[in-house]
Amino acid sequence: MKQTIDGYEFDFPEALELYKFDNDDNLAGEKRHGVDYMKAVDVMAEFKKCYLWIEIKEYMAEEIEEMKKEPERKTKEGKHIKNYLRNNLVRKFRDTFLYRYCENKLDKPIFYICLMNFDDAMLMAFRKELRLQIPEGNKRQGRWEKCLLDKGHLILVNEDSWNRNLNDKFGSCRKV
């Protein structure tokens, strides 16, 4: 299945479904998340054995350089850029989890993939920060029966690292 969403072409030969989930189009029906005050990941893909929730974030080169130099630089709204980005990605995951829970569509493992235009080193550093907010592989000391996200299923990639690491598992991704 091949689909172009938010400037990327996803080619997932074994996908059962592939669509834009965070869609402003009211005609999108069940493919749209449907609750405007909640966040949602950009792309949903369903495979026989798992779901992919893909969030796409792109920044201009100058913004990325500023994040590297001044990790606590503030946005116009007074929020720290890295904190804002981290909180946004966490909220997108959690709200999407709630949508899918209410739809009874948490019956397969989830891979939360953040597709960003950061370099590999920045992706790795940011993944460490994100793991503090999304308890990956953690059942909370035996109290929880399930994990929110299995260990290794929080993945931050750029286009190149997607095709190096995920191409064989899910399919290709390319900027168009």
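Which residue in β2 stands opposite I5? That residue is Y8, and the pair makes a handy way into this model. The model is predicted, so local features need pLDDT of at least 70, side-chain atom pairs count only at pLDDT 80 or more, and totals for chains, interfaces and linings use all residues. Residues are numbered from 1 along each chain as its sequence is written, and side-chain values use heavy atoms, with hydrogens and water left out.

**Strands and their partners**

- Helices (H or I, at least four residues) and strands (E, at least two) are DSSP runs, numbered from the N terminus.
- Two strands are said to pair if DSSP finds at least two bridges between them.
- Strand β1 (residues 2–5) and strand β2 (residues 8–11) run antiparallel and are joined by four bridges.
- Two residues separate β1 from β2 in a hairpin, and D6 in the turn has a positive phi of about 50°.
- β2 also runs antiparallel to strand β8 (residues 172–175), again with four bridges.

- For burial, buried means under 20% relative accessible area, exposed over 50%, and partly exposed in between (1.4 Å probe, protein chains only).
- K20 is partly exposed at 22%, and D6 is partly exposed at 38%.
- E9 and R174 also meet through their side chains in a salt bridge, 3.2 Å from N to O.
- E9 lies in strand β2 and R174 in strand β8, so the pair ties together parts that are 165 residues apart in sequence.
- E9 is buried at 15% relative accessibility, whereas R174 is partly exposed at 41%.

**A buried pair and its network**

- K92 and E55 form a salt bridge, with their closest N and O atoms 3.4 Å apart.
- K92 sits in helix α2 (residues 81–102) and E55 in strand β5 (residues 51–57), so to speak distant parts of the chain, 37 residues apart.
- K92 is buried, with a relative accessible area of 7%, and E55 is buried at 1%.
- D22, E55, K57 and K92 belong to one network, joined by salt bridges that share partners.

How values were computed:
Salt bridge = Lys/Arg side-chain N within 4 Å of Asp/Glu carboxyl O.
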